[in-house]
Amino acid sequence: MHLAVALALSGIVTWFGARGLTGLMHSGKALVANYKGNRIPTAVGLSFLFGGMTGIAWLILWGEGEPSPGYGLIIAMLGAALLGLLDDLMGTSGVKGLKGHLTSWLGGNLTTGALKALGGGSLALFVARLQLHRVTERGMLFLADWMVSAGMIALAMNLLNLADLRPGR
């Protein structure tokens with residue numbers, strides 16, 4: 001029951017947060033051109049932070065069990081939101097995609113997109129380790145659990161990033 005309430009609160013706050021932020025971005029002229037050349041608001045992905053934080057706070061305050069994994073999620077969400085905001089405010093549009101950002105970085109030019117990818121991967125590893133805190137270290141099996149969990153978290157973060165990049169929000 002607590003999880004259902006947390007998910008509902010997250011969705012409601014995310015929806016209304018996105019609508020509010022979109023209006024603020026239009027009035028403040030914080031717009032960028034998308035792939036079609038349409039001017040769309042930037043940094044609306046912060047609404048995911050507000051919604052997610054609301055749901056996590058519900059679980060920490062009224063959920064059952066230890067809250068320590070929730071604290072890890074809060075750190076990851078704040079970190080991902082700050083990395084995304086940094087990319088929105090300071091990023092350039094010259095380099096696109098993970099391959100482009102990593103190639104640029106390996107060539108000696110660290111982009112905000114590469115920083116976001118490396119930081120997001122580090123956050124995923126951190127949160128996955130916190131989620132596995134009850135698992136005793138069992139050598140390679142533990143390592144496999146950790147890497148699969150981190151991969152799933154990183155993919156979820158990438159999905160939210162794509163929702164922030166594409167039109168229709």
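# A guided tour of a predicted model

Start by selecting R19, which lies in helix α1, the stretch covering residues 2-27; helices here are DSSP runs of H or I with at least four residues, strands are runs of E with at least two, and both are numbered from the N terminus. Residues are numbered from 1 along each chain as its sequence is written. This is a predicted model, in which local features need pLDDT of at least 70 and side-chain atom pairs count only at pLDDT 80 or more, while totals for chains, interfaces and linings use all residues, and side-chain values use heavy atoms, with hydrogens and water left out.

## The whole chain

Zoom out and colour the protein chain by its elements, of which there are six helices and two strands. Followed from the N terminus, the order of these elements is α-β-β-α-α-α-α-α. The protein chain has 169 residues, and 27% of them count as buried. Of the contacts in the protein chain with a separation of 6 or more, 60% are between residues 24 or more positions apart, where contact means heavy atoms within 4.5 Å. The protein chain exposes about 10600 Å², and carbon and sulfur atoms supply 71% of that area; accessible areas come from the Shrake-Rupley method with a 1.4 Å probe, and for residues only the protein chains shown count as cover.

## Helix α2

Next, select S47, whose place is in helix α2. S47 counts as buried because its relative accessibility is 2%. The C-alpha atom of S47 is separated by 9.8 Å from that of G11, although the two residues are 36 residues apart along the chain.

Move to F48, which lies in helix α2, residues 46-62. F48 is partly exposed, since its relative accessible area is 28%. Which residues does F48 touch, once residues up to four places away in sequence are not counted? They are T14, M77, L160 and A163. If you also select N161, you will find that F48 and N161 are 113 residues apart in sequence and, from C-alpha to C-alpha, 9.9 Å apart in space.

## Where α4 and α5 meet

Now show helices α4 and α5, whose axes come within 8 Å and cross at roughly 105°; the axes are lines fitted to C-alpha atoms, for helices over the stretch in contact, and angles run from 0 to 180 degrees between N-to-C directions. The two helices α4 and α5 are therefore roughly perpendicular to each other, a term that covers angles of 65 to 115 degrees, while under 35 counts as roughly parallel, over 145 as roughly antiparallel and the rest as oblique. Here L98, H101 and W105 in α4 meet G113, A114, A117 and L118 in α5.

Select H101, which counts as buried because its relative accessibility is 13%. Apart from neighbours within four places in sequence, H101 is in contact with V95, K96, T111, G113 and A114. Then select S104, also placed in helix α4, which is buried because its relative accessible area is 15%. S104 touches V95, N109 and T111, again without counting residues up to four places away in sequence.

For the last stop, select L106, a residue of helix α4 that counts as exposed because its relative accessibility is 72%.

Terms used. Buried means under 20% relative accessible area, exposed over 50%, partly exposed in between (1.4 Å probe, protein chains only).
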